[in-house]
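Subject: Handover of a protein-ligand model

Hello,

I am passing this structure on to you. Please find it below, followed by what was found in it.

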Amino acid sequence: MLENICIVLVNTTHPGNIGGVARAMKNMGLSDLCLVAPKLFPHEDAVARASRADDLLDNALVVETLDEALADCHLVVGTSARSRTIPWPLVNPRELSAIVAPLPADTKVAILFGREDRGLTNDELQRCHHHVHIPVNEDFSSLNIAAAVQVITYELRMAVVEGQDSVDKPQWGTDWDVELADNRELELMFEHLEQTLIDVEFLDPDKPRNLMPRLRRLLLRSVPDKVEVNVLRGMLTAIQKKQQP
Ligand code: SAH
């Protein structure tokens, strides 16, 4: 399970932090690091802070967009140092581990970490199935990014090493018959949904309010599989066809 967890760092400013994250990951037995548009990378500060985890830096996938980072991920989790406008299913690291540990072995999980100065944007957070917050002193709630990675990956490791018996069933039951939809499929579904709602004039693109974030939250909460996504998109296509004169 630890091999299927990708740590995704979005727009990290300080290369030293990237090294610190690599070290924290390797200590906990994770190796899959993805960097979305890092400010400075590769960099000697990253190598220095990585200590002997520089192999993770060598193998890190560097991409320009979050779409590329998440395309083949089934479950996306966003980390947040503070609460945001629209509440999302929020868990602490131990609860996250209890969700992730029982997933089928081939489920690819991405955990997103934000910029040092302002975290993840609302758009980025709204791509996630869950948000995870490390409960810290609420008067001083922002951890260094490598420290946040350390705490979360420690709990994931504990769930694997210690927890085989205490691991619950996946939230949607026992064996599932169909593979979960990946992020590329989910994002295409949301685009299709948005366009159809505009076509039928339910969504006003000039006044979108919070309709799409709320629909995203609703649908992501059900962790849809590939067939379910196809059925929803088939319905949308049928609605669009009826709209055409
Ligand atoms: N000022 C920013 C804090 C960014 S800290 C903000 O208010 O959002 C950099 C990153 O470290 C965050 O994006 C998150 O990925 C992680 N992080 C820091 N503190 C955290 C916490 N208490 N819980 C979960 N992640 C945290």
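For the residue classes used here, Ala, Val, Leu, Ile, Met, Phe, Trp, Tyr, Cys and Pro count as nonpolar, Asp, Glu, Lys and Arg count as charged, and the others, Gly among them, count as polar. On that basis, the shell around the ligand consists of eight nonpolar, seven polar and six charged residues. Please keep in mind that this is a predicted model.

The ligand site

There are 21 residues around the ligand, and those that come nearest are T79, R82, G114, I134 and L143. The ligand sits in the largest pocket.

- G114: a backbone N or O atom lies 3.0 Å from an oxygen atom of the ligand.
- S80: a backbone N or O atom lies 3.3 Å from a nitrogen atom of the ligand.
- S141: a polar backbone atom is 3.0 Å from a nitrogen atom of the ligand.

The ligand taken alone exposes 550 Å², of which the protein buries 93%.

The domains

The domain assignment of the protein chain gives domain 1 as 2-166 and domain 2 as 183-243. Taken over C-alpha atoms, the centres of domain 1 and domain 2 are 28 Å apart. Domain 1 puts 13 residues into the contact between them, and domain 2 puts in 11 residues.

Regards

Note on methods. Residues are numbered from 1 along each chain as its sequence is written. This is a predicted model: local features need pLDDT of at least 70, side-chain atom pairs count only at pLDDT 80 or more; totals for chains, interfaces and linings use all residues. Side-chain values use heavy atoms; hydrogens and water are left out. A residue is near a molecule or strand if one of its heavy atoms lies within 4 Å of it. A polar contact is a pair of N or O atoms within 3.5 Å; within protein, one must be able to donate a hydrogen and the other to accept it, and residues adjacent in sequence count only if both atoms are side-chain atoms. Accessible areas come from the Shrake-Rupley method with a 1.4 Å probe; for residues, only the protein chains shown count as cover. On a 1 Å grid over the protein atoms alone, a cavity is a set of points where a 1.4 Å probe fits but cannot get out, and a pocket is an open set with protein on both sides within 12 Å along at least five of seven lines; lining residues have an atom within 4 Å of a point. A molecule sits in a cavity or pocket if more than half of its atoms lie within 2 Å of its grid points. Domain bounds come from an automatic or database domain assignment. Contact means heavy atoms within 4.5 Å.
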